[in-house]
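Okay, thanks for coming, everyone. Let me put the model up, and then we'll go through the charged pairs, the rings and the cores.

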Amino acid sequence: MKNEIRLLVREILSESETMSEGLQLHIGHKIPISSPVFRPGSDKFFSLLREARAAYQSGVLPKEISNKWIMESSIGEWGIYEGDSVPLDFPVPEIIAEAEYHGRKIELGKPFRVSGGGHKFAVYVKDPSSGNIKKVQFGSPGMKVKLNSPARRKSFAARHRCEQKNDKTTPGYWACRIGRYPDLFGGDTYYKWW
């Protein structure tokens with residue numbers, strides 16, 4: 001098995017002598033690009049995604065580690081918004097911030113699984129109208145998250161009108177965006193509902 005991996009890496013390297021160590025690691029260990037080895041938001045993270053996209057477009061990147069949505073998105077590229085350079089197709093880093101809720105340090109805007117209770121997931125958000133921290137719970141504990149079926153994703157998005165959900169203090173907003181957090185449901189693929 002290790003010899004096969006070494007041969008695969010050597011074969012890819014012969015096509016591109018400038019492949020970074022990070023991309024070699026992803027290919028050698030068959031780590032999906034959707035689970036990058038670098039901290040999301042770091043320079044190396046964006047560099048890896050740009051390099052992986054170039055390898056994907058030239059047909060060098062193995063299909064088992066590529067992710068079509070990431071490879072065809074603009075993630076890793078930068079644009080100008082209100083005079084500032086911002087990453088494209090990447091959640092705004094200021095969404096995840098620390099706060100205090102009932103005396104505990106928590107992260108804002110980062111969904112997590114709930115153990116027990118009437119919901120499957122929860123997220124802490126700052127209510128813009130009051131400035132208070134609010135715990136938003138969503139997801140039925142008895143139902144599975146069926147993101148891998150395009151038909152089910154499309155049906156869910158239409159039924160819940162996901163394109164119109166913009167209020168982060170509501171459960172519907174987070175239910176429509178749960179595919180952006182694959183670690184919550186044991187997946188490794190970033191899904192978009194609509």
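Let's start with Glu-107, which counts as partly exposed because its relative accessibility is 37%. For the cut-offs, buried means under 20% relative accessible area, exposed means over 50%, and partly exposed is in between, with a 1.4 Å probe and protein chains only. Glu-107 forms a salt bridge with Lys-110, and their closest N and O atoms are 3.7 Å apart. Lys-110 is also partly exposed, at 36% relative accessibility. By salt bridge I mean a side-chain nitrogen of Lys or Arg within 4 Å of a carboxyl oxygen of Asp or Glu.

Before I go on, some housekeeping. This is a predicted model, so local features need pLDDT of at least 70 and side-chain atom pairs count only at pLDDT 80 or more, while totals for chains, interfaces and linings use all residues. Residues are numbered from 1 along each chain as its sequence is written, and side-chain values use heavy atoms, with hydrogens and water left out.

As for pLDDT, that's the predictor's confidence in each residue, from 0 to 100. The chain has a mean of 79, with 85% of its residues at 70 or more. Where is confidence lowest in the chain? That would be helix H1, residues 2-15, at a mean of 52, whereas strand E7, residues 133-138, is highest at 92. Helices (H or I, at least four residues) and strands (E, at least two) are DSSP runs numbered from the N terminus. Where pLDDT is low, the predicted coordinates should not be read in detail.

Back to the charges. The structure holds 2 salt bridges, and one of them joins the side chains of Arg-53 and Glu-77, at 3.3 Å from N to O. This pair links distant parts of the chain, 24 residues apart: Arg-53 sits in helix H3 (residues 43-57), and Glu-77 in the loop between helix H4 (68-72) and strand E1 (78-81). Arg-53 is buried at 8% relative accessible area, while Glu-77 is partly exposed at 34%. Leaving out residues up to four places away in sequence, Arg-53 touches Ile-70, Met-71, Ser-73, Ser-74, Ile-75, Gly-76 and Glu-77. Contact here is heavy atoms within 4.5 Å.

Now the rings. There are 7 aromatic pairs. Rings of Phe, Tyr and Trp (its six-membered ring) pair if their centres lie within 6.5 Å; planes under 30 degrees apart are stacked, over 60 edge-to-face, and the rest tilted. Take the pair of Tyr-101 and Tyr-124: the centres are 4.8 Å apart and the planes at 50°, so that one is tilted. Tyr-101 is in strand E3 (residues 97-101) and Tyr-124 in strand E6 (residues 121-126), 23 residues apart. Tyr-124 is buried at 5%. Then we have Tyr-173 and Trp-174, with centres 5.1 Å apart and planes at 80°, so this pair is edge-to-face. Both of those residues are buried. Ring pairs also link Phe-45, Phe-46 and Trp-78 into a cluster.

Trp-174 takes us to the cores. A nonpolar core is a set of buried Ala, Val, Leu, Ile, Met, Phe, Trp, Tyr and Cys residues joined through side-chain atoms within 4.5 Å. The largest has 18 residues, and Val-123, Phe-138, Trp-174 and Leu-184 have the most contacts inside it. Its largest share, 4 residues, comes from H6. Apart from that core lies another, of 17 residues, including Ile-33, Leu-49, Ala-52 and Met-71.
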